[in-house]
Amino acid sequence: MNLDTDRIDDCVLALLLLGRHDGDRVWKSFDWGAMDRLHKKGLISDPVGRAKSVVLTDEGLHKAEQLFRDLFAIST
């Protein structure tokens with residue numbers, strides 16, 4: 001099966017907001033491949049290291065918030 005990794009990355013980026021803390025830090029509890037791609041796209045800090053969280057870049061935070069609304073918000 002061929003996968004659209006850009007769509008997977010968008011979902012992972014949006015879901016990272018569920019573990020947001022200390023402003024722009026998020027827990028890095030997702031697939032390492034997706035986390036590495038998000039880093040290469042400039043949306044998060046380097047996920048490789050001892051820290052259990054990464055930092056969303058300004059662009060990453062903005063995009064994550066927009067994707068979260070687009071993917072999960074219920075219109076009333």
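Let's start with the helices. Helix 1 (residues 5-16) packs against helix 2 (residues 32-40) at an angle of about 90°, axes 10 Å apart. Axes here are lines fitted to C-alpha atoms over the stretch in contact, and angles run from 0 to 180 degrees between N-to-C directions. So helix 1 is roughly perpendicular to helix 2, a label for angles of 65 to 115 degrees.

A word on the source. This is a predicted model: local features need pLDDT of at least 70, side-chain atom pairs count only at pLDDT 80 or more, and totals for chains, interfaces and linings use all residues. Residues are numbered from 1 along each chain as its sequence is written, and side-chain values use heavy atoms, with hydrogens and water left out.

Who makes the helix contact? Helix 1 brings Thr5, Ile8, Asp9, Val12, Leu13 and Leu16; helix 2 brings Ala34, Met35, Arg37 and Leu38. Contact means heavy atoms within 4.5 Å.

Now burial. In helix 2, Ala34, Met35 and Leu38 are buried, meaning under 20% relative accessible area with a 1.4 Å probe, protein chains only. Those buried residues fall within an arc of 100° seen down the axis of helix 2, so they line one face. The arc is taken from the directions from helix axis to C-beta atoms. Their cover includes helix 1 and strand 3.

On to the sheet. Three strands form an open, antiparallel sheet, order 1-2-3. Strands pair if DSSP finds at least two bridges between them. Helices (H or I, at least four residues) and strands (E, at least two) are DSSP runs, numbered from the N terminus. Strand 1 (20-21) and strand 3 (53-55) are the edges. Strand 2 (residues 25-27) joins strand 3 through three bridges. Val26 stands opposite Val54 in strand 3.

Key. Angles under 35 degrees count as roughly parallel, over 145 as roughly antiparallel, 65 to 115 as roughly perpendicular and the rest as oblique. Buried means under 20% relative accessible area, exposed over 50%, partly exposed in between (1.4 Å probe, protein chains only).
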